[in-house]
Amino acid sequence: VVRWITATLVRAVKVAVAAAVLLGPVPLMVGFLVDAAYLPLVRVDARQTAYRDRLGHWLTGLLLLKLWHHLLCRTTLAPKLRIKVLGVQAKGWRRLELRALLMDLALPLVSNLVLLIAIPYLGAFLALPLLGVRKVSCITAWRWFYPGALGGCVASALAAWAVSGITLLHDQLRDALYLVGRRLHNLEESSVAPRSPM
């Protein structure tokens, strides 16, 4: 009984740590990035400051991560990440390997999201003032960095998806033509029957 209680508590702590990492900061950062990406286009005038709603960011990020998970599991958009996510999903919560989950999924995801948030901010408010740019221009640059970065990420993801699709199509056509050629070669060999010596 003591062994079962200990195993259950260890499992509960692993699940709590994984949930705290994957359901806490990750959706909040995704929601912030989405809000920052469409903020200058839709919501706020250039002379106004945006109100940041943390709960709204978290809920938006949670919804987008759920949609992203369904898209990832049903397409070949990111095959390496898909294998990792499906591996964690197949093991379930009972056989959760916390170290692998944190090192393979959570840490790269959090570090990339932190970079996506920090680089435009540091570029606008640290690098541009050093170059002598006025504060108004720095704020405008900061507001437009996120939509530009989002457009660049979407374009690069679509390009990578198109290249992988074209490569897969090329490989399938090459294999099909090879098999057709082999069949024709085999047919040609079988039609020429060896003559028996007289």
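Which element of the protein chain has the lowest mean pLDDT, and which has the highest? Hold that thought for a second, and let me say what we're looking at. This is a predicted model, where local features need pLDDT of at least 70, side-chain atom pairs count only at pLDDT 80 or more, and totals for chains, interfaces and linings use all residues. Residues are numbered from 1 along each chain as its sequence is written, and side-chain values use heavy atoms, with hydrogens and water left out.

Okay, back to the question. pLDDT is the predictor's confidence in each residue, on a scale from 0 to 100. Helix α4, residues 79-91, has the lowest mean among the elements, at 79, while α1 has the highest, at 87. For the protein chain, the mean is 80, and 83% of the residues reach 70 or more. A word of caution here: where pLDDT is low, the predicted coordinates should not be read in detail.

So what is the chain built from? We have six helices and zero strands, and from the N terminus the order is simply α-α-α-α-α-α. Helices here are DSSP runs of H or I with at least four residues, strands are E runs of at least two, and the numbering starts at the N terminus.

Some totals next. Of the 198 residues in the protein chain, 19% are buried. Buried means under 20% relative accessible area, exposed means over 50%, and partly exposed is in between, using a 1.4 Å probe and protein chains only. The accessible surface is about 14700 Å², and 71% of that belongs to carbon and sulfur atoms; areas come from the Shrake-Rupley method with a 1.4 Å probe, and for residues only the protein chains shown count as cover. Now take contacts between residues at least 6 apart in sequence: 64% of them join residues at least 24 apart. By contact I mean heavy atoms within 4.5 Å.

On to how helices pack. Two packed helices are described by the angle between their axes and the distance between the axes. The axes are lines fitted to C-alpha atoms, for helices over the stretch in contact, and angles run from 0 to 180 degrees between N-to-C directions.

Start with α1, residues 2-23, and α5, residues 98-130: they pack at about 10°, with axes 10 Å apart. That makes α1 roughly parallel to α5; the cut-offs are under 35 degrees for roughly parallel, over 145 for roughly antiparallel, 65 to 115 for roughly perpendicular, and oblique for the rest. On the α1 side you'll find Lys-14, Val-17, Ala-18, Val-21 and Leu-22, and α5 brings Leu-98, Leu-101, Leu-102 and Ala-106. Sorted by class, that's eight nonpolar, no polar and one charged. Nonpolar covers Ala, Val, Leu, Ile, Met, Phe, Trp, Tyr, Cys and Pro; Asp, Glu, Lys and Arg are charged; the others, Gly among them, are polar.

Let's zoom in on Ala-18, which sits in helix α1. Ala-18 is buried, at 2% relative accessible area. Skipping residues up to four places away in sequence, Ala-18 touches Leu-23, Trp-93, Leu-96, Leu-98 and Leu-101. Ala-18 and Leu-98 are 80 residues apart in sequence, yet 7.0 Å apart in space, C-alpha to C-alpha.

Now, what about α3 and α4? Their axes come within 9 Å and cross at roughly 105°, and they are therefore roughly perpendicular to each other. Trp-68, His-69, Leu-72 and Cys-73 of α3 meet Leu-81, Arg-82, Val-85, Leu-86 and Gln-89 of α4. The class count is six nonpolar, two polar and one charged.

Staying with helix α3, residues 54-74, we find His-57. Is His-57 buried or exposed? It counts as buried, at 5% relative accessibility. Beyond neighbours within four places in sequence, His-57 contacts Pro-27, Leu-28, Gly-31, Phe-32, Asp-35 and Arg-52. Leu-55 also lies in α3, but Leu-55 counts as exposed, at 55%.
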